[in-house]
Amino acid sequence: MDKSRVSVLWFRQDLRIADNPALIEACKDGSIVPIYILDDKSAGDWKYGAASRWFLFEALTDLNKLLDNQLLFFEGDASKVLIDIVKEVGAEGVYWNRCYEPWAIERDSRIKKSLKALNISVQSFNSSLLWEPWAVLKKDGTPYKVFTPFYRRGCLAAAPPRPPLPAPPRLSIAELENHIEGARAVTKLALLPKHVWRDGLAATWCIGEMAAHDRLHAFLNDGLHGYKNDRNFPAKRNVSRLSASVSY
């Protein structure tokens, strides 16, 4: 590992340390500048709603603690913000895990093209799907539209998913000489609602990487017995309640 080589690690919907392929590969490459960009502009009508923004705030706060409070927060059009960051820190590479929303794919394609024009290495990874959309297709090359053939002829015939990855053995976060323009505290991203309705959610949901691991282990230990039938009743313990965690 060459610590003099600096790469930008762009956290998106993968706010965790373990099983994060972009983070693992970036750490092998040298020192990292970990960032998060709240890009409501590119998302447009698909930007996070109030409850999701509260959940995001808590997840980002937890991730920042895991990174020794060295996660940098930005807001704006990621197509511009990311390029500016790369230039300012003198990064030689950029790493991220892929998103699959149509607007995100279009944005990321533009960003990748712009970075490569600057001779910046760009690497992206699958961090959230067992199989990516283009990996499981019908014989004619089109996507499945019915679940049963998708599962039987597609998933079962595809290469097995990779196993979960451990957290990097060490995090080498770059020591920046100057404050990066535009960086702000997570509290300045306007993610929290003005009203106190979030207190009810906070009493119900534990948010963060370790909380998700705890929820998974609880489900494996207590929720699998009777899962076939009781999964249809959300109030029962046979529902994993992990969907919110895997969205970030």
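What follows is a chat about the cysteines, the nonpolar cores, a surface patch and the salt bridges.

Q: What should I know about the model before we start?
A: This is a predicted model, so local features need pLDDT of at least 70, side-chain atom pairs count only at pLDDT 80 or more, and totals for chains, interfaces and linings use all residues. Residues are numbered from 1 along each chain as its sequence is written, and side-chain values use heavy atoms, with hydrogens and water left out.

Q: Thanks! How many disulfides does the count come to?
A: The count comes to 0 disulfides, a disulfide being a pair of cysteine sulfur atoms within 2.5 Å. Cys27 is in no disulfide, and the nearest cysteine sulfur, that of Cys99, is 19 Å away.

Q: Switching to the inside: which residues have the most contacts in the largest nonpolar core?
A: Those are Leu9, Leu15 and Leu60, in a core of 29 residues. A nonpolar core here is a set of buried Ala, Val, Leu, Ile, Met, Phe, Trp, Tyr and Cys residues joined through side-chain atoms within 4.5 Å.

Q: Which helices and strands each supply at least two residues of this core?
A: Strand E1 (6–11), helix H1 (21–29), strand E2 (31–38) and helix H3 (50–66). The largest share, 7 residues, comes from H3. Helices (H or I, at least four residues) and strands (E, at least two) are DSSP runs, numbered from the N terminus.

Q: What is Leu60 in contact with?
A: Leaving aside neighbours within four places in sequence, Leu60 is in contact with Leu15, Tyr36, Leu71, Phe73, Val186, Leu189 and Leu191. Contact means heavy atoms within 4.5 Å.

Q: What lies apart from that core?
A: Another core, of 24 residues, including Val8, Ile111, Leu115 and Ala183.

Q: Now the outside. Which residues form a nonpolar patch on the surface?
A: Leu216, Leu220, Leu224 and Tyr227 do, with about 330 Å² of accessible area together. Patches are made of residues with over 30% relative accessible area and no salt bridge; like charges are joined within 9 Å, and nonpolar side chains (Val, Leu, Ile, Met, Phe, Trp, Tyr) within 5 Å. Accessible areas come from the Shrake-Rupley method with a 1.4 Å probe, and for residues only the protein chains shown count as cover.

Q: Where is Leu224 found?
A: In the loop between helix H8 (209–223) and helix H9 (227–230). Leu224 counts as partly exposed, at 45% relative accessibility.

Q: Last topic: how many salt bridges are there?
A: The count comes to 13. A salt bridge is a side-chain nitrogen of Lys or Arg within 4 Å of a carboxyl oxygen of Asp or Glu.

Q: Which residue does Asp29 form a salt bridge with?
A: Arg5, with the closest N and O atoms 2.6 Å apart. Asp29 sits in helix H1 and Arg5 in the segment before E1, 24 residues apart. Arg5 is buried, at 18% relative accessible area, and also forms a salt bridge with Glu92, at 3.0 Å between the closest N and O atoms.

Q: Which residues are joined into one network by shared partners?
A: Arg12, Asp39, Arg107 and Asp108, through their salt bridges.

Notes
Buried < 20%, exposed > 50% of the residue type's maximum accessible area, 1.4 Å probe, protein only.
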